[in-house]
Amino acid sequence: MSVATTHPGEHHEHHPSGILRWLTTTNHKDIGTMYLTFALIMFFVGGIMILAVRAELFQPGLQLMQPEFFNQLIGVHALVMIFAALMPAATGFANWMLPLMIGAPDMALPRLNNWGFWLLPPAAILLTLPFTLALFGIGDGAIATGWTFYAPLSVQGGIGVDFAIFAVHILGVSSIMGSINIIVTIFNLRAPGMTMMKLPLFAWGWLITAFLLIATIPVLAGAVTMLLTDRHFGTHFFNAAGGGDPILFQHLFWFFGHPEVYILLLPVWGLMPHVLSTFSRKPTYGYTAQVYSFIAIGVLSVIVWAHHFFTVGMPVPALIYFMFSTMSISLPLAVLFFCWIATMWRGAMSFETPMLFALGFIVLFGMAGLTGLVLADVAADAQYHHSYFVVAHFHYALFAGGIMGVMTGVYYWLPKWTGHMYSETLGKWHFWLTVVSFNLTFMPQFFLGLAGMPRRIPDYALQFAEFNAISTVGAFILGFSQLLFAYNIWRCVKGGEKAKDQVWESAEGLEWQLPSPPPYHSWETQPEIK
Amino acid sequence: MTTSAAQTAHSHHYFVPQPSIYPFILSGGMFLLALGFILKMNGFAPGPWVMIAGAAVIIYVLFGWFGKVIAESQGGDYRAWEDKSFRYGMIWFIASEVMFFAAFFGALYYVRIISVPELGNMVAEHGVTLYPGFTGAWPSSGPKGPEFTPMGAWGIPAINTALLLSSGVTVTWAHWALLKNNRLHLNLGLAATVLLGFIFLGFQAYEYYHAYTELGLTLGAGAYGATFFMLTGFHGFHVTLGAIMLTVILLRCLKGHFDSERHFAFEGVAWYWHFVDVVWLLLFVLVYWL
Ligand code: HEM
Ligand SMILES: [Cu+2]
């Protein structure tokens, strides 16, 4: 790819100062910064909740909290981590990087972009407010159903369920606005000459994510709306007395819920090849294969949802269908793994922090895929379903895959965003502490699940004590290690060694032709791709 | 790699609007509306007031934000490039709406084809009689649901179908007139569309009244009542929005906005209207008729 540039930063910044700048901004970089900051804050909020849970689980018996409160913590933890930490982080990446990478002057619909962000804080408040209200004697706390809202529990639950329903509605609006913006930006604002098959893979990953969001978030909105009317307006969608069925809720929820896990990961899969190729000093292997794999995964992800409830009772043909369709997703996924490894093959590799996180991602996320295959097996799942095995599986997917993928991106692009290098020493400490304590936390959970410990339970039988104690110790190390991450970012924002325009010696792409940090408005005159 | 002289496909800079406080205020309004609704449903007295405050904020923003957009449009800030963004944006917004309705159609499919028949067929399949006398035939309010009379298709619903289909024709008539710069026909066509839309809503309101007072058909009437009212209700809500948007477009046309080249707002609303139309056809067939 070659590029003709005029001086990239032409216009001077003009925007209100102080807090008004952030409330009113239409600038993709400002909005990206807000998304990322919000995600980091909520990452800690969700983290504190789950550390309380792990503390309770340190020993058998009830020590710190009542089961009701325990249930509220795990449900809100998951909703916060998925909707308020991981998804906003990915959207923050998109906002910051897409225009720089595809040579666009900004996102296509800048005011909508601002709205998409500012919907998040109200939603986060709605989600967590019931905890506070309960302290004042209003209601009985937050949603206690887990993040999946299963009926009839959620039909019977207290005011916290209503808060969660509206939080999900508002988060959904935000996601849809964000997705529309990303699709339009990619389709309409690419630099001249950048055909779809020259699009950076990061943009491809996000494009498929955006399609999935548009296809599935409205279904979740519909599902929680039916839940709301079942709760307050006398309908019987999920009640057999009126001809409805609680399992209908599971179908609707997982029609959204399964694609959601790819929504959380596709942006990261898009980012990986950039990082791997930079630090292996080789071009990306299998660009086309990766694009088609993204598309295949996107399509397959909406037709496999029932593997989340094999055990509720389904006709055998349905079981078989959902089993094989689920397993077939591992084929395009394996293509991605192959391309990642082939990109590194015989490269001149170096191991800066982003590369370490990328490698950690590949190994640990691989475990998620393999254990997923185990769960996709109908016969095996009958034993593992709703056990800690599932918890371990999806944390290998969502923490090692999603969160560590986001950390890869943060370290990779932070010098571009701030104009400073982060501390490589701190970064490496952060990485090693994270991988080791991550495995310490979640590896034992596989064994717990295999041994039969159910998930979402505040107390357990004595034979599970050791593994739980280990897991809790791991979780606290994992949690506190993230303070290093925050500190490293903060230091880097404040100052440090100046970053070059092309931060990493063999990084390729339009974003590296701009200064670090890029001017407030970049690519006002679009570069041309030959 | 070769580097050539700078050259761009677009002769002007893409329009990036100035900072705006409206999105932030809109989010605040939505927060209040949601909070108020939650409080109201759970029996807290301030609920309705909080809702009203939220709704007022939202309405204020709608006027302000759309006013600004219209001013920008009239001021010539949007050209072909921006126009294309709006078009793509509208298409994907409507796509998300399609999926929202798909959830409710999915629920209808599920209760009709799976859950209701299963509740009636336990004897055949599992040798147990859960609900003696319950056959699982559609329409049904379930084994324990109230008595009700289902809504017939060939009265008001058929008239409403005719109304909406004609409105699809009139809005196309208006569109053609706009393309030919025939302002009179444009205004007439739009006015007819708006009128048909509101008549539809009037009939729908009457139908609901009839259902509640005479047919025993309510939200509480089991699987049938729930799917009937959720599908037709959300559709009616969308018709209301569409009719309001059409009214705004009509007022803008009367003020002389839009020309044969540039009229995204008109087309966006027309697409929305057609979408609402198609949903109605599905409703007519799957909810009322079959
Ligand atoms: C080849 C790949 C994968 C397969 C075959 C697979 C399969 C499964 C199956 C069958 C379950 C249900 C287990 C049960 O509840 O009994 C499950 C749960 C789960 N998976 Fe995966 N999975 C795969 C990859 C992923 C990825 C990439 C993610 C996330 C990014 C993920 C996230 C989750 C989550 C969050 C749950 C649990 C949801 C809950 O019940 O709360 N999985 N997986
Ligand atoms: Cu799944």
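Two residues are in contact here if their C-beta atoms, placed from the backbone, lie within 7 Å. By that rule, the contact between the chains takes 64 residues from chain A and 59 residues from chain B. On the chain A side, α1 (19–24), α4, α5, α7, α8 (201–232) and α9 each supply at least two residues. The top contributor to that side is α7(A), with eleven residues. Sorted by class, the side of chain A that touches chain B has 36 nonpolar, 21 polar and seven charged residues. For these classes, Ala, Val, Leu, Ile, Met, Phe, Trp, Tyr, Cys and Pro count as nonpolar, Asp, Glu, Lys and Arg as charged, and the others, Gly among them, as polar. Helices (H or I, at least four residues) and strands (E, at least two) are DSSP runs, numbered from the N terminus.

Some housekeeping. This is a predicted model, where local features need pLDDT of at least 70, side-chain atom pairs count only at pLDDT 80 or more, and totals for chains, interfaces and linings use all residues. Residues are numbered from 1 along each chain as its sequence is written, while chains are lettered from A and ligands numbered from 1 in the order in which they are written.

How confident is the predictor in chain A? The pLDDT (the predictor's confidence in each residue, from 0 to 100) averages 95 for chain A, and 98% of the residues score at least 70. The exception to keep in mind is residues 1–11 of chain A, where the pLDDT is below 50, although this stretch has 35 contacts in the model beyond near neighbours in sequence. Where pLDDT is low, the predicted coordinates should not be read in detail.

Now for the ligand. A residue is near a molecule if its C-beta atom, placed from the backbone, lies within 6 Å of it. Ligand 1 has 26 residues around it, and A:V261, A:G372, A:H385, A:F394 and A:A397 come nearest. Helices of chain A that each supply at least two residues of this shell are α9 (246–280), α12 (330–344), α13 (353–376), α14 (378–384) and α15 (388–418). The largest share, seven residues, comes from α15(A). The shell has 14 nonpolar, eleven polar and one charged residues.

Next, what is tucked away? A residue is buried if 20 or more other C-beta atoms lie within 10 Å of its own, exposed if 12 or fewer, and partly exposed in between. Helix α4 (residues 110–118) of chain A is mostly covered, with eight of its nine residues buried; among them are A:W115, A:F117 and A:W118. The cover over the buried residues of α4(A) includes α2 (28–57), α3 (67–102), α5 (120–135) and α7 (159–188) of chain A, together with α1 (22–41) of chain B.

That chain B helix is well wrapped too: 16 of the 20 residues of α1(B) are buried, so it is largely enclosed by the rest of the structure. Just after α1(B), B:G43 takes a positive phi of about 80°.

Still in chain B, B:G89 sits in helix α3 (residues 80–120). B:G89 counts as buried because it has 21 C-beta neighbours inside 10 Å. Leaving out residues up to four places away in sequence, B:G89 touches A:L109, A:I180 and A:V184. The C-alpha atoms of B:G89 and B:G268 are 9.6 Å apart, though 179 residues separate them along the chain.

In α5(B) (residues 156–179), the buried residues include B:P157, B:N160 and B:L163. Their cover includes α6 (183–215) and α8 (264–289) of chain B.

| Where | Feature | Angle |
|---|---|---|
| A:A151 to A:P152 | cis peptide bond | omega near 0° |
| B:W138 to B:P139 | cis peptide bond | omega about -5° |
| A:F149 | positive phi, not glycine | phi near 60° |
| B:F258 | positive phi, not glycine | phi near 70° |

A:P152 is in the loop between α5 and α6 (153–156) of chain A, and A:F149 lies in the loop between α5 and α6 of chain A. A:F149 counts as buried because it has 26 C-beta neighbours inside 10 Å. In chain B, B:P139 is found in the loop between α4 (122–126) and α5. B:F258 is in the loop between α7 (222–254) and α8 of chain B, and is buried, with 20 other C-beta atoms within 10 Å.
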